Amino acid sequence: MATAVQTVERENYLNSNYGIKSWLLTTDHKRIAMLYLVSITAMFWIGGFFAMMIRLNLLTPSGELVTADTYNKLFSMHGIIMVFFFLIPSVPAVIGNFVIPLMVGAKDLAFPRVNLLSWYVYMLGACVELTAMVTGGVDTGWTFYTPFSTTYSNTHVIGAALGIFIAGFSSILTGLNFIVTIHRMRAPGMTWRRLPLFCWSNYAAALIMVLGTPVIAITLLLVAVERGLGIGIFNPQLGGDPLLFQHLFWFYSHPAVYIMILPGMGVISEIVTCFSRKRVFGYEFVALASIAIAVLGFLVWAHHMFVAGISVYAALVFSMLSYLVAIPSAVKVFNWTATMYKGSIRYDTPMLYAFGFIGLFTMGGLTGIFLATLGIDVHVHDTYFVVAHFHYVMVGGMVMAYMAGLHFWWPKITGRMYPEGWAKLSALLVFVGFNTTFFPQFVLGYMGMPRRYHAYPPEFQVLNVLSTAGASILAVGYVLPMIYFLWSLRYGEPAPPNPWNAVGLEWMTPSPPPTHNFDETPVVTWEAYDYEHQPQEEVTVGH
Amino acid sequence: MATSDIQIAEHALQHHFADMEQQRETASFGMWAFLLTEVMFFGGMFCAYLVYRAAYYQAFVQGSQRMDLLAGAVNTAVLICSSLTMALAVRAAKMGKSKTVVTFLLITILFAFAFLVIKGFEYHGHWVDHQFPGPNFHFEPLKGPAVDPLHTEIFFSLYWVMTGLHALHVIVGIMLITWLVTVILRGRVSAHYYNPVDTVGLYWHFVDLVWIYLFPLFYLISKQHGS
Amino acid sequence: MAAPAHTGHIGSLKLYLGIWGLLLLLTFTTVMVAFVDLGPFNIVVALVIATIKGSLVALFFMHLRESSKMTMIVAVASLFWLFILLSLTMTDYVSRAWSTRLH
């Protein structure tokens, strides 16, 4: 039996060097992933705090917990933190950074120093953003619509925009690194068709990062210039068009949601195939669907502007294109399901989260189709229907995928197993809490409750209370992993190289891996997800 | 000397690359991918320009007629010359002629400064003529019908921000080339390892490229229209 | 580790000077054309000349001609994505007046 403190004798990336300088000046992609893990977890809890304040305020119709102005700041800051400082970097910067070089058989990413720089840039952006928040916050919504943000708001718009501008560069650097790594650093024999789908998904997300982020960077810069210098290209009083801001903003911010979800889909692909012990059904389709989502995702942005004043002809075009972008996502859902069909399913925690993802992402995605339908959108735009839609895909989808990935690769990252019982309980709490929080919001939105209002008509109270109750359950579901993951670092069972019997280069290294990943560059001769030919004797967990 | 050329390359080889060829291709690909992000960064502004030029054409014509065409044309030529010297610097680096590389790089810096000086004079002129957007903005057309001054103000907003952002990139370019000169003087570059020269060169040519488009869009809208 | 011979052929001095001369000539041309009233074609000619100049810089000074296919794809993709931004945004602005004309 393993004792509580069983240290791994051989050299790995964690024990190769001690001291704070060895972490803050590291160029090892695995250590940088851990730096990101700490930062992103902190930002998640800050964003979650704002969410808690929102839900508490909405317990009563008069919403008197905070003033209306403070409420505006709460949802703005919740959105900014969760979108820019949690969701966008989460899977790529934490899991992708760690696992992608291992998956392609490389010793590191293409540009290790740029990788470290991306973390420092992220931290700088986070510090600027948090400073703007503690010194008064911003109340424009994470969407910064003009001319309110440029002219009329009395809050720290420039500071908040600057924080996001800086964090955007972190995203661009990560994207550049991933694209170049996947093109140039693959081991011999690792052809594009043998690449794990996690790599395909992160590659597609990286394409979006690189193509889209610069546009929001320039847009926020223009907002700051307009606000600071009065140079107005978005202010109608100065001859400008506020819709131009929205076009430029959403040109990035819509593809941004695919930056958020694609890496999560990559995680699900890895988990579904492993825990069904079957090759992914339609590998090429899933790989190409990732690219299709990335490309089509750039063609649909004005569906956020249907009622803003764009021409109805443009609205028709964007509505049709928005239907199109659902197709590759649906292809992935069908393929995951087909992978599971006649597979040998194991219900470990990562797979539970994957089930949750598939169901909840599908619901969120389908409600997206409703929103893409002009006639429906006229009624539910700016209501809780939209809020529920994007929380289903982002929280029910993406955050579940992030949790799934953390649990799946935790043994590889730390060399320890997490406690399975507690993990399953947490997954259940997350699922129940999530649905209790957000399903009522579909109903509320359909019944007409507007979003971003601190108060509401009394007939909506029951559903709001239910939603807040769900949020508290959800919070517990997120707190528990914090505790048991930390616990596992010291007391968790030592993990073998391949606790899940998965196929993939990362599972051929020790847990945790040595600093240089591979003693010799691997030569890949097998197809992706070759579960049929996997050797029988593999070390399994705990037996 | 050939041996130390190779030693320089070996010293520069990073541990995660199989060979210098992979490192060189990776560095070049990485810089091109970065330039793609720069295209989209400026692209947002080109989009704004397109929208407003389509809507306020006459105002744009009149604003353009107040641009200092000679300064703009000379600056275009200056940047083209700087691109030549940069390309020749890269060429010399491939041939291992470090002294020549440094010479060409220093001339490139001189051209870059010349660009900034001319731009500075232009900006000063616009400022003195109240052509900076804001409460002090004031515009009289040289010829043609009166247009809404707000529309001309938008033209100048775009002018100041787009050329200003470009000038910032020129300044960054000067810093990068200066750094490059120090790297070469320290003997870190050879015919077998000239990645830094290559990548900085790519960046500098991109700066030239952006101006190649900014020039006609702001200075050459029309000398004939609006009369 | 073996240091390989450098890749990429070295362009002749004449080539670089030739491209430089061509760029200056095109600059002169585009300035002169601006004084001729071509109506809506002024902008077209100006952009075509600018694109020729840009292509010369990219192909010869930036060695795009000798670069890998992927690099070429990256360069083209940047223009294509810019085109998406510009054209789809303009579908809104161009068609806004259409519905008012129906009345």
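Predicted model: local features only at pLDDT ≥ 70, side-chain atom pairs only at ≥ 80, totals over all residues.
I started with chain B and counted its secondary structure: seven helices and zero strands. Reading along the sequence, I get the pattern α-α-α-α-α-α-α.

Next I boxed chain B. Along the principal axes, its C-alpha atoms fill roughly 70 × 30 × 30 Å. I then looked up burial, and 53% of the 227 residues in chain B come out as buried. I also checked how far apart in sequence the contacting residues sit. Of the contacts in chain B with a separation of 6 or more, 82% are between residues 24 or more positions apart.

**Chain B against chain C**

How many residues does each chain put into the contact? I find 44 residues from chain B and 41 residues from chain C. On the chain C side, α1 (13-33), α2 (41-61) and α3 (69-102) each supply at least two residues. Which helix of chain C gives the most to that side? It is α3(C), with 13 residues. I sorted the chain C side that touches chain B by class as well: 28 nonpolar, 11 polar and two charged residues.

**Cis peptide bonds in chain A**

I went through chain A for cis peptide bonds and wrote down two entries. One joins A:Thr146 and A:Pro147, with omega at about -5°. I placed A:Pro147 in the loop between α4 (112-134) and α5 (148-152) of chain A. The other runs from A:Ser511 to A:Pro512, and omega there is near -5°. A:Pro512 lies in the segment after α15 (461-491) of chain A.

I located A:Arg277 in the loop between α8 (242-276) and α9 (283-296) of chain A. Is A:Arg277 buried or partly exposed? I count 19 other C-beta atoms within 10 Å. Buried takes 20 or more, so A:Arg277 goes down as partly exposed.

In chain B I noted B:His130, which is not glycine either and has a positive phi near 60°. B:His130 sits in the loop between α5 (98-128) and α6 (149-185) of chain B. I logged B:His130 as partly exposed because it has 14 C-beta neighbours inside 10 Å, and exposed would take 12 or fewer.

Note on methods:
Residues numbered from 1 in each chain as written. Chains lettered and ligands numbered in written order. Contact = placed C-beta atoms within 7 Å. Helix = DSSP H or I, 4+ residues; strand = E, 2+ residues; numbered from the N terminus. Nonpolar A, V, L, I, M, F, W, Y, C, P; charged D, E, K, R; others polar.
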